[in-house]
Amino acid sequence: MINPIQSVNDFVIKFANVDGTGSASAKNLFAKAVFNMGVPVSPRNIFPSNIQGLPTWYEVRVNQKGYLGRRGGGVDIVVAMNPQSLADDVAAVLPGGYFLYDSTNPLAKHLQRDDIQIIGIPFTELCRQQFNNTKQRMLFKNVAYIGALAALLDIDFEVFTGLLSKQFNGKEHLVTANTTALELGYVYAKKTFPCPLGIRMEKSDVVGDKILIDGNTASGLGCVYGGATVCGWYPITPSTSVVEAYTRFSERMRVEPATGKKRFGIVQMEDELAAIGVVIGASWNGARAFTATSGPGISLMSEFLGLAYFAEIPLVLINVQRGGPSTGMPTRTQQSDLLACAYASHGDTKHVLTFPANPKECFDFSADAFDLAERLQTPIIIMSDLELGMNDWLSEPLKWDDAKNYDRGKVLNAEQLDNIKEGEKFSRYLDVDNDGICYRTYPGTHSEKGAFFTRGTSRDRHALYTEDGDKYVDNMERLIKKHRTAATLIPSPIINTDNAQHKMGVVYYGTTENVIPESLDKLQKQGFNFNSMRLRGYPFSDEVADFIDSHETLFVIEQNRDAQMRILLINELDCDPRKMIRILHYDGMAIPVQAVVGGILNHLGTEQGSKTGEAS
Amino acid sequence: MTCIPKSKFHHPQLPVNELGLTYRDYEGSMSTLCAGCGHDSVGAAVVQACFELSLPAHRIAKLSGIGCSSKAPTYFLGKSHGFNSVHGRMPSVTTGANLANKDLIYLGMSGDGDSASIGLGQFAHVVRRKLNMSYIVANNGAYGLTKGQASATADRGSIMKGGKEVTDEGIDLVSLALSMGATYVARSFSGDKEQLVPLIKGALSHQGFAFIDVMSPCVTFNNHQGSTKSYDYLRDHMESLISADFIPHKSEITVQSEPGVTQDIFMHDGSIMRLKATDESYDLSRRSNALSAIQEHTEKGEVLTGLLYLEPGASHLHENLNTVDKPLNELSYKELCPGSDVLEELNKSFR
């Protein structure tokens, strides 16, 4: 009755655990082992908003072709270590799949299925016999099932031992204990079951020189390379690890050798209002500063974002998006802060956004954001999400060009102020270069010249308070001119036309990138061909407008309910709403391939019936 | 309404300070506050203090929130950079500014609505973080720009202009600053320049968080019978426990301190706060003394003024963060960017 799934280097495995039991590092070891076999891997943490005791899952996709997105549907292998979620975990296995569980307590009759292979290994009992303290027994159970998988999936044991010695560099007793636990599962599986299973691994070389890194770590590192010296922040999932990474790398790379003193200042503030207040104060005073937050923090920061926009203060804000509205789903992913960020704050405000899709872009966009913010003298909001920020991704290695220097934008120093001709004066809001960007000065620069008053109230070109309507409009028009300048400076869209004139296009951004190659391959097999455009920033450039103009139908794929990017495109580019088709997925889990393929096919199948611009 | 620049014309014989500057060089543009507003006296005291200390105005950054008091910085120190930020959020902006450049003097100007109502959270936290700044609240117990509502410092039982009695407890920012760890705490009255100027000079010289609560009557909305923040009420109920004089670091000490009557406290930069206490048992280095003295006077219906607590040499935020001596905003690309070799090594650790 079992028709076992047969595949090499192509499967989805899901680990079910109880949070707070130390399974994270063991599961990470598994993903790293696949990576070290040279095979593309994409692990995902699926965790509750909780500290200890609730179910948590880790879903790993292994795919030789490099498809990193969620496949959707069931999984091929489940490692079930959580008695609470056994019923769900058994049900998650695809017919012909494999169910590995801790058989210290045998699986209840009613949970058994005859269309999958059930593999019971008494991990708890094995660890009870091997280790003598409770903590070790709990922790090493996790390592033992990784050992069993090494046998069952035919992963080189040496890959694991290599990883362990790298991880516990020099701590021999830890290497030994972990190796013992690995062997415990490995040996038991080898002698009890025919190994490998129908699903197995083979060494490959498609990974090349890629690295395995999470987006938040890359963002934090990008801020170090981008020259950020001040960070005000407030903890919030899923952005916290951005600042933790920035802190860790700064402590390592930014300490003055002679004195042990720090070339950075990080302050955990009392809330997000204060966090962005710090960033604004520091940027006003000539330091590169940033903060990281998520949805609720964006709401709190909105008033300050309006001030920074109007008073023209550079700042970098990393928004790692999660499920909203309100507290929403703090540990689930979404792309639902688009409109809240693009137009954050009261009055006429428009902000500059960038959309990284992978860790390399998290690093690059974060580092570059400081140049961009200082050139444009305005907030730059980097729109990451939980999917990208908190999971490990296969990424191009990070690169830095040592010939680069920071672009501090239009700032006058004392000498330049002295060179101002007799009869002329420094005017903070005078558009000298006709690009909407004016010259500024840092406090303390010159004893006589260059001082001005920064304010959120209206002012004239000389920074003097005014309620004169013409002067107010003059300033607002210059700000929109500056916003248009921004469109030429932000990362350009990635457009793929395959040199073909397809009539249909897909438009997407951020982590949706992960499912696009696979989705388009599948659609092509069904006879549908598309050009594609990955948006990487807002305001939209002419390239974006041209792409939309040159296609009859555009599927705008995004991870929110209200089709926020579609709204933004229609609103900003005045494009025909009827040709902009919504493809949406927003249940808190990353968008799966089937949502894209199914959504598009569904629309194409019903296209004759209605032209409403809707797709379910 | 627009900004009115002040005439730079002045008497040729005006006294000059060590920098060769006159009092007028420290002024700002023409005030647009009500005639007789206490805040203008506070501004004048700031000008006087900076002039007497011979501070280069461009090395001072003046920051504020929103409100009448927060407008005041436009009217003093015209050669300083100013930042009129968001209502109640001046403390965080100043924190960031200070982090960026530890070498400037930071003067925060706020009001009772800005600091005790909407900004109470940021006020409390900037104190406990021990930011190196001078924080002045021009306290009149009322909202001016929105026409006379009671603020959180309005005393319980006092009568607002419309005749309405204040029923909520008033917040005492001085007590709060004391319990949150401020290292220089004073209260004064905008009408008492002799007391206020040395207090501001001391605050500007203090390394750490210096707080001055200045009773600054609102002539338009809170200067009537029944108010506890009016000129008349304050003149009648002010009680100065300690008078302080500020003696700058470099000046010759002409008057010797009188043992038992005066006490000299050396500030971080070598200047001296010379104190004269009416009650000899009052110990300025104990927070509990200050708190109970405030409480006792409040119970008697008096407003205690003067320097109430001083802790010179306490560590402040930059010291706690152990930042480098050079201001962070002056660090070069070379000092900040770890470079490609380090990144290549990091790449290896992610494999």
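What distance separates the centres of domain 1 of chain A and domain 3 of chain A, taken over C-alpha atoms?

Author: This is a predicted model, in which local features need pLDDT of at least 70 and side-chain atom pairs count only at pLDDT 80 or more, while totals for chains, interfaces and linings use all residues. Residues are numbered from 1 along each chain as its sequence is written, and chains are lettered from A and ligands numbered from 1 in the order in which they are written.

The two centres are 60 Å apart; chain A is divided into domain 1 (7-200), domain 2 (213-395), domain 3 (410-489) and domain 4 (494-606), with bounds that come from an automatic or database domain assignment.

As for the backbone, most residues other than glycine have a negative phi, and most peptide bonds are trans. The bond joining A:Gly324 and A:Pro325, however, is cis, with omega about -5°, and A:Pro325 lies in the loop between strand E13 (315-321) and helix H11 (338-342) of chain A, where helices (H or I, at least four residues) and strands (E, at least two) are DSSP runs numbered from the N terminus. The peptide bond from A:Tyr538 to A:Pro539 is also cis, with omega near 10°, and A:Pro539 sits in the loop between strand E21 (537-538) and helix H17 (542-549) of chain A.

Turning to phi, A:Asn434 has a positive value near 60°, and A:Asn434 is exposed, with 9 other C-beta atoms within 10 Å (exposed means 12 or fewer such atoms, buried 20 or more, and partly exposed in between, with C-beta atoms placed from the backbone). A:Ala563 has a positive phi near 55°, and A:Ala563 counts as buried because 22 C-beta neighbours lie inside 10 Å.
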